[in-house]
Amino acid sequence: MVGTEAQAGGGQPGEADLLRDMLRRPEYRKALVFCGLIGIPVALVAYWFLVALHQLERLMWTTWPEALGWERAPWWWGFPLLGVAGVVVGVVVVRLPGRGGHVPAAGLHAGGVTKEALPGVVAAALVGLPLGVVLGPEAPLIALGGGLALLSASLVRAPQTEASTALLGAAGSAAAISALFGNPVVGAVLLMEVAGVGGPQLFAVMLPALLASGVGDLVFTGFGHWTGLETGSLDIGLPKPPPLDVGDVLWVLVTAPVVALLVHWIFVVGRYTIRFVASRTVRNTTLCALGVAVCVALYSLTTGRSPAEVALSGESTLGELAQDPHAWPIGALVAVLVFKSLAYALCLGGLRGGPVFPALFLGGAAGVLLSPLPGFGLVPAMAAGMAAAVAAALRLPVSGVVLVVLLLGNVETVALVVLAAVLSFTLTELLPQGPKAAATP
């Protein structure tokens, strides 16, 4: 209303007019087309990058052990692999431009990676991640997409201003991250939150709105189940999982803070690890990697299970956990939470990669561990655990909700996901943060 009155009185133009003026500018339309075209080579490179990572991971942890006569990788398998990973990543950080990419303990970051840094980012990811570093590929992909977009712009000699550089970098990063998550909405929402569009004011408005929408959905859905009355809906008749009950809601209020505290303190330890690595980078990066190997070995020795369940990002192991949670005894769930948490903390400060998938796995494992509680279902428990974990790790509540809902493919748990993400985000923001972690040391 204020904007309308200002326009009628000859004052400043409203936001709608500013948007239309921007869309009428030829340079903006050219940038829009160029960003669309950039998505093609970036997506192709991201695709083959992810294929290479998965093939190398399978080669190192499945094919080679089987070829040498073991049913699965032996308990000591991580020592030589992670030793090599630590040395290579340490050398990349010291010798190559860009220092191998962003430090994962500082969270996800958009921008700041130039095209000159691409070799270091790719080398650190292709060596470290398949050899057992407990991190995911999302941060290297963001850097890779942004760097490739800037490289493409320089090859065609497009004019590069501060605004165009930021626009192209964000577009390239979004294209790459969408290739990982298989959904353009996740890529767009994630990059909006990572880039900090709107700043703290956006979070101040968005957080209560997100919480209110989640609680409103719980009340609306619960009241509908209680009365049996219909208000009309967009349901087209697909099969539904069992409805949520009061126990699910109450246990989320316990699960989300517990998982948030776990992930928060993992990141605090990771930020202290940055200080340790900074003194003598190559040596201490290698020591961090060998510390991860110790965690991997202890898990395998104490449980008799594959060391790969603690090593690597946890992306494939999370799928196995979700498909057959009863294959994991309580002791194995406790052990994987302990040892993977320690390994994750060391990797967050000492190596290179993304923080998303290990957090998702830890949240999912915590959910499976807590799901036998009275009145708590497996799907709601995993939903709450993963939402709380990713919100605590990334400090991006909306992106966390979208990502977890996409992974679960279950609309019945959306309200619980929202509730867990908001609780986790609020709690972790209020806790002591430990030493400040710069994105690039």
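Buried means under 20% relative accessible area, exposed over 50%, and partly exposed in between. The views below show a predicted model.

**View 1. Arg99, a non-glycine residue with positive phi.** Phi of Arg99 is about 55°. The residue sits in the loop that links helix 4 (78–95) to helix 5 (118–128). Arg99 counts as partly exposed because its relative accessibility is 29%.

**View 2. Leu312, a residue other than glycine with phi near 70°.** Leu312 belongs to the loop between helix 11 (281–303) and helix 12 (315–323). Its relative accessible area is 6%, so Leu312 is buried. Leu312 is also among the residues in contact with Lys340.

**View 3. Lys340, a buried lysine that has no salt bridge.** Lys340 is part of helix 13 (residues 330–350). The nearest side chain of opposite charge is that of Glu309, 9.0 Å away. A polar atom of the Lys340 side chain lies 2.8 Å from the backbone oxygen of Val310. Beyond four places in sequence, the contacts of Lys340 include Val134, Ala311, Ser313, Gly314, Ala335, Phe361 and Leu362.

**View 4. Tyr344 in the largest nonpolar core.** This core has 113 residues, and Trp61, Phe181, Tyr344 and Leu360 touch the most other members. Helix 15 (residues 378–394) supplies the largest share of the core, 13 residues. With neighbours within four places in sequence left aside, Tyr344 is in contact with Val134, Leu135, Ile266, Phe267, Pro355, Pro358, Ala359, Leu362 and Ala393. Val134 and Leu362 are also in contact with Lys340.

Note on methods. Residues are numbered from 1 along each chain as its sequence is written. This is a predicted model: local features need pLDDT of at least 70, side-chain atom pairs count only at pLDDT 80 or more; totals for chains, interfaces and linings use all residues. Side-chain values use heavy atoms; hydrogens and water are left out. A nonpolar core is a set of buried Ala, Val, Leu, Ile, Met, Phe, Trp, Tyr and Cys residues joined through side-chain atoms within 4.5 Å. Buried means under 20% relative accessible area, exposed over 50%, partly exposed in between (1.4 Å probe, protein chains only). Helices (H or I, at least four residues) and strands (E, at least two) are DSSP runs, numbered from the N terminus. Contact means heavy atoms within 4.5 Å. Lys and Arg count as positive and Asp and Glu as negative; His and the chain ends are not counted. A salt bridge is a side-chain nitrogen of Lys or Arg within 4 Å of a carboxyl oxygen of Asp or Glu. A polar contact is a pair of N or O atoms within 3.5 Å; within protein, one must be able to donate a hydrogen and the other to accept it, and residues adjacent in sequence count only if both atoms are side-chain atoms.
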